[in-house]
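User: Hi! I'm new to this one and would like a friendly walk through it. Can we put it on screen and chat as we go?

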Amino acid sequence: MMKGQVLPIVLDLEMSGLNPGENGIWQIGAIDLNNPEKIFFEESRIDDDETVDPEALKVIGKTEEQLRDEKKQSQQEMVEKLFAWIELRPLRNLLCQNPQFDAGFLAEKARKYRLKKTFHYRSFDLHSISQTVFHRIKGKFSTHEHNSTMDLKSILEFCGVPDLRIQMKDGKVIQEGNPHNALEDCKLTGECFSRLIFGKNFFPEYAKYKIPSYLMEKTK
């Protein structure tokens, strides 16, 4: 933990697609940045009424049968466990890359199962944080053809950490790599947050990647 700081919960979901009303959550990763040993990492089967996007299977490296494995806990059980875990955290705000997406999925499942959400409605958005820091350094936002270019891959590059995950665009693989994993993506998000805000490494496995000097200078 950074001295004198109370930090948010970094969270990432892996789903069977991008539509919260049609697709399911099969994996949840969350880390309390105040105590990185406090980790939530669970998998479940998606509901029978939820669909699977073939492109999502390519990203996560799973089959539809694996996402519907009856031996796994139900999605409702997994979400209930997450909400109970969040209740024990000192700060219940989520930190995500585009939190409206992850928090929106959780909110939809809470509505579906009639569960009370335990995370706060305000979230920390890694995208907005990175664009703010980028602007302070470059004097402009990172954009291309009327849109922000700060996806997680670009943020990792800006923070000096390589993105070793598989990358998809328009249904095609544009970079071979590791399947997406909720806990790994949590760590990548948390590492970028620490470098952007504090100019410091957070997780030991990323210490080998040098922090760009422009981030260290801006946090002095």
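Predicted model: local features only at pLDDT ≥ 70, side-chain atom pairs only at ≥ 80, totals over all residues.

User: Is Phe198 buried or exposed?

Analyst: Phe198 counts as buried, at 18% relative accessibility. Buried means under 20% relative accessible area, exposed over 50%, and partly exposed in between, with a 1.4 Å probe and protein chains only. Residues are numbered from 1 along each chain as its sequence is written, and side-chain values use heavy atoms, with hydrogens and water left out.

User: Which helix is Phe198 in?

Analyst: Phe198 lies in helix H7. Helices (H or I, at least four residues) and strands (E, at least two) are DSSP runs, numbered from the N terminus.

User: What is the volume of the largest pocket?

Analyst: About 980 Å³. On a 1 Å grid over the protein atoms alone, a pocket is an open set of points where a 1.4 Å probe fits, with protein on both sides within 12 Å along at least five of seven lines; lining residues have an atom within 4 Å of a point. Grid points are joined across faces, edges and corners, and the volume is the space filled by probe spheres set on the points.

User: Which residues are closest to its centre?

Analyst: Of the 27 lining residues, those are Leu18, Val59, Phe101, Arg165 and His180. Elements giving two or more residues to this lining include strand E1 (9-15), helix H4 (99-113) and helix H7 (182-198).

User: How does that lining divide by class?

Analyst: Into eleven nonpolar, six polar and ten charged residues. Ala, Val, Leu, Ile, Met, Phe, Trp, Tyr, Cys and Pro count as nonpolar, Asp, Glu, Lys and Arg as charged, and the others, Gly among them, as polar.

User: What about the second largest pocket?

Analyst: That pocket has a volume of about 190 Å³. Its lining has 16 residues, with Leu164, Asn178, Glu184, Leu188 and Tyr206 nearest the centre.

User: Now the sheet. What is the strand order?

Analyst: The open sheet has five strands in the order E3-E2-E1-E4-E5, with mixed pairing. Strand E3 (39-43) and strand E5 (124-125) are the edge strands, each pairing on one side only. Two strands pair if DSSP finds at least two bridges between them.

User: How many bridges join E1 to E2?

Analyst: Seven, and the two strands run antiparallel. Leu11 stands opposite Ala30 in E2.

User: Last one: where is Glu145?

Analyst: Glu145 sits in the loop between strand E6 (143-144) and strand E7 (147-148). Its phi is near 50°, a positive value in a residue other than glycine, and Glu145 counts as exposed at 59% relative accessibility. His146 is found in that loop between E6 and E7 as well, with phi near 75° and a relative accessible area of 82%, which is exposed.
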